[in-house]
Amino acid sequence: MRTGYRASAGGFDLLGLRRRQGAVEIVYDDGVMHRKVLRVSGFRTEAQLDEALAHAAREVRVLPALYAELRKRAITIEAVSG
């Protein structure tokens with residue numbers, strides 16, 4: 001499993017995966033002033049998460065693309081911060 005993705009559309013956006021206290025979290029940082037931490041549940045494999053993050057990182061609007069990719073895969077998230 002890859003743990004971080006940089007936006008390939010020329011932005012400073014960063015998507016990362018981390019484990020904290022047994023939970024899997026997605027960290028989004030736009031490189032300027034926004035940072036979001038989303039707790040993930042409802043995924044079958046980590047490859048499924050990897051695929052969603054990789055696809056979102058290739059888009060110009062990373063965060064909306066991430067939400068769409070997670071929704072497509074029926075992966076639920078809960079905002080922890082941001």
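User: Which exposed residues sit on the face of H2 turned away from its buried side?

Analyst: Arg71 and Lys72. Exposed means over 50% relative accessible area, buried means under 20%, and partly exposed is in between (1.4 Å probe, protein chains only). Bear in mind that this is a predicted model, where local features need pLDDT of at least 70, side-chain atom pairs count only at pLDDT 80 or more, and totals for chains, interfaces and linings use all residues. Residues are numbered from 1 along each chain as its sequence is written, and side-chain values use heavy atoms, with hydrogens and water left out.

User: Which residues of H2 are buried, and how do you know where they lie around the axis?

Analyst: The buried ones are Val62, Leu63, Ala65, Leu66, Glu69 and Leu70. They span an arc of only 160 degrees around the axis, so they share the same side of H2. That arc is taken from the directions from the helix axis to the C-beta atoms. These buried residues pack against S2, S3, S4, H1 and S5. After H2 comes alanine 74, with a positive phi near 60 degrees.

User: What makes the pairing of glutamate 69 and arginine 73 a polar contact?

Analyst: Their side chains come to 2.5 Å. A polar contact is a pair of N or O atoms within 3.5 Å; within protein, one must be able to donate a hydrogen and the other to accept it, and residues adjacent in sequence count only if both atoms are side-chain atoms. The value of 2.5 Å is within the limit, so the label holds.

User: Which side chains make polar contacts with glutamate 25, and why is glutamate 25 called buried or exposed?

Analyst: Arginine 18 is joined to glutamate 25 at 2.8 Å, and arginine 39 at 3.4 Å. Glutamate 25 has a relative accessible area of 2%, so it is called buried. Glutamate 25 lies in strand S3. Its contacts beyond four places in sequence include Leu17, Val37, Val40 and Val80.

User: What makes S3 and S4 paired strands?

Analyst: Two strands pair if DSSP finds at least two bridges between them. S3 (residues 23–29) and S4 (residues 35–41) have 6, and run antiparallel. One of these bridges links aspartate 29 to arginine 35. The two strands form a hairpin with 5 residues between them, and glycine 31 in the turn has a positive phi of about 80 degrees. S4 also has 5 bridges to S5 (residues 76–81), again antiparallel, and there valine 40 has isoleucine 77 as its partner.

User: Why are some strands said to stand at the edges of the sheet?

Analyst: The open sheet has 5 strands in the order S1-S2-S3-S4-S5, paired antiparallel. S1 (4–6) and S5 each have a single partner strand, so one side of each lacks a neighbour in the sheet. H1 lies across S1, S2, S3 and S4, at about 155 degrees to S2.

User: What makes up the largest nonpolar core?

Analyst: It has 21 residues, and Leu15, Ile26, Leu49, Leu53, Leu66 and Leu70 touch the most other members. S2 (14–20), S3, S4, H1 (46–57) and H2 (62–72) give two or more residues each, and H1 gives the most, with 6. Such a core is a set of buried Ala, Val, Leu, Ile, Met, Phe, Trp, Tyr and Cys residues joined through side-chain atoms within 4.5 Å. Beyond its neighbours within four places in sequence, leucine 53 contacts Tyr5, Leu15, Gly16, Leu17, Ile26 and Leu66.

Definitions and conventions:
Helices (H or I, at least four residues) and strands (E, at least two) are DSSP runs, numbered from the N terminus. Contact means heavy atoms within 4.5 Å. Axes are lines fitted to C-alpha atoms, for helices over the stretch in contact, and angles run from 0 to 180 degrees between N-to-C directions.
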